Number of protein chains: 4
Amino acid sequence: MSKPFRTTRLVEFHDTDMAGIMHFASFFHYMESAEHELIRSVGYSVHSRVDGQLLSFPRVAASCEFHSPARSEDILDIEISIVRIGNKSLHYQLEFSIEGRKVATGKISSVCCNVEPGQPMVSVPLPAEIKEKLTRYLA
Amino acid sequence: MSKPFRTTRLVEFHDTDMAGIMHFASFFHYMESAEHELIRSVGYSVHSRVDGQLLSFPRVAASCEFHSPARSEDILDIEISIVRIGNKSLHYQLEFSIEGRKVATGKISSVCCNVEPGQPMVSVPLPAEIKEKLTRYLA
Amino acid sequence: MSKPFRTTRLVEFHDTDMAGIMHFASFFHYMESAEHELIRSVGYSVHSRVDGQLLSFPRVAASCEFHSPARSEDILDIEISIVRIGNKSLHYQLEFSIEGRKVATGKISSVCCNVEPGQPMVSVPLPAEIKEKLTRYLA
Amino acid sequence: MSKPFRTTRLVEFHDTDMAGIMHFASFFHYMESAEHELIRSVGYSVHSRVDGQLLSFPRVAASCEFHSPARSEDILDIEISIVRIGNKSLHYQLEFSIEGRKVATGKISSVCCNVEPGQPMVSVPLPAEIKEKLTRYLA
């Protein structure tokens with residue numbers, strides 16, 4: 001049975017704004033870092049050579065709803081699941097909370113691309129071995 | 001008849017990433033700056049004192065779809081419209097393009113809040129004068 | 001005998017730029033986060049109420065020399081020492097390295113300020129208890 | 001007789017922090033953007049192909065002293081001069097002010113590098129034509 005990948009992150013001072021809270025755009029940085037940590041947890045990197053291709057996972061869509069504020073040095077609990085594995089795409093859902101209080105809910109869709117330097121970036125099928133390993137986080 | 005607010009922005013080097021393109025999270029910074037420029041265009045600031053209240057507009061939701069890459073020093077054409085003016089909230093839509101090529105489509109929802117220092121942040125009705133002035137950008 | 005405070009940090013994808021390396025300005029974010037972690041290690045926060053004052057530590061100077069590149073997902077070893085404790089100021093030195101290779105050397109000077117909301121920011125003497133606890137990191 | 005390159009920039013909300021002022025690290029982003037604008041003003045790009053080489057200008061040193069705070073939507077006046085043109089390096093000085101009030105003074109040193117994708121980044125002599133054009137900003 002699958003489980004979300006869980007991590008934590010302290011809210012950094014530079015991610016706050018003059019309203020005294022974590023800036024909304026910084027949630028997208030934290031979402032990306034959680035996504036990449038999940039990918040490392042199955043032995044890959046977000047920018048790695050697999051089967052002779054240099055694969056990267058640019059985002060095609062990202063969204064976030066903000067339920068309550070996060071403040072400097074708060075510890076965010078982050079849960080990230082994969083809601084769908086497409087032929088070339090990965091669709092994540094993330095929950096941010098602080099001591100049980102819901103802070104934000106986000107989604108990211110990434111597409112597997114060959115990003116060989118000097119060539120146009122082109123989407124390619126997800127290698128079977130990556131797909132298989134990521135199923136452990138499929139919601 | 002209403003029209004979108006239009007602005008342009010050069011993609012800054014520090015907003016690119018190692019994939020050679022503008023990082024997806026930076027679009028949310030550019031969206032915010034366009035939102036604030038729109039608010040200034042009707043004579044207000046995103047963080048200003050109106051009728052004895054210190055008003056700010058924290059975001060409750062933000063999303064973006066990425067259609068094609070933007071690169072360092074590209075000039076982004078940005079169109080921003082208001083799709084709905086609620087009692088306490090503003091809902092924007094944004095289109096990013098480069099020389100007619102669609103780059104990204106975004107949405108932001110902001111809530112009018114009283115952010116008096118030392119008091120809890122609380123949502124308040126949009127002042128009538130702001131509402132009225134913003135109708136010019138209502139899609 | 002004093003020792004530097006040591007921490008590590010993985011280079012995040014969003015901190016890279018199109019040259020394929022960690023962007024120089026992001027080192028200042030990582031420097032700040034190490035500074036704040038050091039302050040937490042002696043039981044304080046960078047933005048905390050001490051003796052009835054709301055203290056914060058804005059920077060008055062920051063510099064960094066970049067010796068060799070850091071790349072996405074590299075693990076930075078960070079050493080931070082205090083080179084001088086003034087009456088109102090703290091002066092830090094930081095060394096960044098990756099597996100023994102020197103990456104960057106930085107300095108930050110911060111001033112202890114009372115940042116009571118609604119009042120002008122004013123520098124104040126460092127509380128004696130903070131000074132004493134920080135001497136453990138004095139180089 | 002040489003003159004500094006002058007530009008202006010509005011302080012963006014996302015560049016403020018919970019102390020209510022522009023975050024110190026964001027000055028390095030604004031310094032970079034001014035440096036790149038100066039380079040564009042003589043007809044080059046910070047990442048461009050010249051004489052068959054893909055040239056970029058990574059920073060080897062950066063520093064800034066902060067004299068007084070900048071706040072959201074303040075207009076920064078920025079003056080940037082070149083204090084020295086080396087064989088492979090460029091050394092800039094920057095002054096930030098708001099309505100005549102000194103805000104910050106910064107320095108950047110950049111090295112001309114060949115950053116051909118897939119090859120190690122290596123420093124190379126500044127092309128003579130770039131050197132010549134930049135002398136107009138030599139302090």
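**Close-up views of salt bridges and a chain contact**

C:Glu79 is partly exposed, with 30% relative accessible area. The model shown here is predicted.

**View 1. C:Glu79 pairs with C:Arg6 in a salt bridge.** Their closest N and O atoms lie 2.4 Å apart. The pair links distant parts of the chain, 73 residues apart: C:Glu79 sits in strand S5 of chain C and C:Arg6 in strand S1 (residues 5-10). C:Arg6 is exposed, at 53% relative accessible area.

**View 2. A salt bridge joins B:Arg59 to B:Glu35.** The closest N and O atoms are 2.8 Å apart. B:Arg59 belongs to strand S4 (residues 59-66) of chain B and B:Glu35 to helix H1 (residues 26-41), so the bridge ties together parts 24 residues apart in sequence. B:Arg59 is buried at 8% relative accessible area. B:Glu35 is buried too, at 0%.

**View 3. A:Arg40 and C:Glu73 meet through their side chains in a salt bridge.** The N to O distance is 2.8 Å. A:Arg40 lies in helix H1 (residues 26-41) of chain A, and C:Glu73 in the loop between strands S4 (59-66) and S5 (75-85) of chain C, so this pair joins two chains. A:Arg40 is partly exposed at 28% relative accessibility. C:Glu73 counts as buried at 18%.

**View 4. A salt-bridge network links A:Arg9, A:Glu12, C:Arg9 and C:Glu12.** Over all chains, the count comes to 28 salt bridges.

**View 5. Chain D contacts chain A through 10 residues from each.** The two chains bury about 880 Å² between them, 76% of it on carbon and sulfur atoms. The chain D side has four nonpolar, five polar and one charged residues. Four residue pairs are in polar contact. Salt bridges between these chains number zero.

Key. Residues numbered from 1 in each chain as written. Chains lettered and ligands numbered in written order. Predicted model: local features only at pLDDT ≥ 70, side-chain atom pairs only at ≥ 80, totals over all residues. Heavy atoms only, no water. Contact = heavy atoms within 4.5 Å. Buried area = accessible area lost by both parts, 1.4 Å probe. Salt bridge = Lys/Arg side-chain N within 4 Å of Asp/Glu carboxyl O. Polar contact = N/O pair within 3.5 Å; in protein donor to acceptor, adjacent residues only side chain to side chain. Nonpolar A, V, L, I, M, F, W, Y, C, P; charged D, E, K, R; others polar. Helix = DSSP H or I, 4+ residues; strand = E, 2+ residues; numbered from the N terminus. Buried < 20%, exposed > 50% of the residue type's maximum accessible area, 1.4 Å probe, protein only.
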